[in-house]
Amino acid sequence: MNSVFQNLWQLLADLLFPPRCVACQRPGPLLCATCLASVAYFSEPRCPRCDLPPASTRLSHCTACARHAGSALDGMRVLGPHIEPLRDAIHALKYQGRTTLAVPLGEMLAERWQAAGMAVDGLVPVPLHPDRQRERGFNQSDLLAHAMADPLGLSVRADLLQRVRPTRPQVGLARQERLQNVADAFRARPEVEGGRWLLVDDVCTTSATLEACAQALRLRGAGAVWAITLARPQGAARDVLASEVDGP
């Protein structure tokens, strides 16, 4: 019901105050063609596990990933750094209820995954706890996954993964706090067994949430688990991977 009232309110607001680009504030689409074209993408080559640049042209993995083992994720892809205008679009989608932004953002994710050239059986959005979803009125990861589905010819399997306990927002938490916050927070259904699944989320900082989701899928026998997100703060993942390898 919240989402219905939210959509009606947004429609009324758009009639009274015509939409503007969330990044540059020009009248028109919520993400104008100029800002859409200016989204910064991460350059190639990339490490297939963390999607950071490899240590040298002679290595396929970055130094940390070449030494690291034990991740439940087979790898991940990230569209670009968490900077304008991508940051503005994510914020407007997630916190201002500008749900139509999921379409251009999801289409960009689909292009990023197509470039990766890896086959999966379905898209699994990172779930919100039911209480959080009722409060927000939507799950931005689910909206992104649905926008990706048609271009990729894949189905969205939001039923395969549930968040079984509420968690604090990850924003502002240190790495160890993030890990503890999402530990055992997710549960997968038996249908994931043997499948290759692509987790979809908006932002990755330390990958703690994605790892917790991947672990739940692995416990149910998933054959492969990948992840894709729109953005990552610059430098965040490098620090995380180093701490995973070298200790706390």
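Let's start with Trp-113, which counts as buried at 3% relative accessibility (buried is under 20% relative accessible area, exposed over 50%, partly exposed in between, with a 1.4 Å probe and protein chains only). This is a predicted model, so to speak: local features need pLDDT of at least 70, side-chain atom pairs count only at pLDDT 80 or more, and totals for chains, interfaces and linings use all residues. Residues are numbered from 1 along each chain as its sequence is written, and side-chain values use heavy atoms, with hydrogens and water left out.

**The tryptophan pair**

- The count of aromatic pairs comes to one, where rings of Phe, Tyr and Trp (its six-membered ring) pair if their centres lie within 6.5 Å, and planes under 30 degrees apart are stacked, over 60 edge-to-face and the rest tilted.
- Trp-113 and Trp-226 make up that pair, and they sit edge-to-face, with 5.9 Å centre to centre and 65 degrees between the planes.
- The pair ties together distant parts of the chain, 113 residues apart: Trp-113 belongs to helix α5 (residues 102–116) and Trp-226 to strand β6 (residues 224–232).
- Helices (H or I, at least four residues) and strands (E, at least two) are DSSP runs, numbered from the N terminus.
- Trp-226 is buried too, with a relative accessible area of 14%.

**The sheet**

- Four strands form an open sheet in the order β1-β6-β5-β2, with parallel pairing; two strands pair if DSSP finds at least two bridges between them.
- β1 and β2 (122–125) are the edge strands, each with a single partner, so one side of each has no neighbour in the sheet.
- From one strand to the next, the twist averages 20 degrees.
- β1 and β6 run parallel and are joined by six bridges.
- Pro-81 has Arg-232 in β6 as its bridge partner.

**Helices against the sheet**

- Helix α4 (residues 86–95) lies across β1, β5 (196–203) and β6, at about 105 degrees to β6.
- Axes here are lines fitted to C-alpha atoms, for helices over the stretch in contact, and angles run from 0 to 180 degrees between N-to-C directions; contact means heavy atoms within 4.5 Å.
- α9 lies across β1, β5 and β6 as well, running at about 165 degrees to β6.

**Salt bridges**

- There are seven salt bridges in the structure, each a side-chain nitrogen of Lys or Arg within 4 Å of a carboxyl oxygen of Asp or Glu.
- One of them joins Arg-218 and Asp-74, at 2.4 Å from N to O.
- That pair spans distant parts of the chain, 144 residues apart, with Arg-218 in helix α9 (residues 208–219) and Asp-74 in the loop between α3 (63–67) and β1 (75–81).
- Arg-218 is partly exposed at a relative accessible area of 28%, and Asp-74 is partly exposed at 34%.
- Another bridge pairs Arg-134 with Asp-131, at 2.3 Å from N to O.
- Both of these residues lie in helix α6 (residues 130–136), three residues apart, or about one turn of the helix.
- Arg-134 counts as exposed at 51% relative accessibility, while Asp-131 is partly exposed at 43%.
- Arg-87 also bridges to Glu-84, with the closest N and O atoms 3.5 Å apart.
- Here Arg-87 is partly exposed at 34% relative accessibility, whereas Glu-84 is exposed at 53%.
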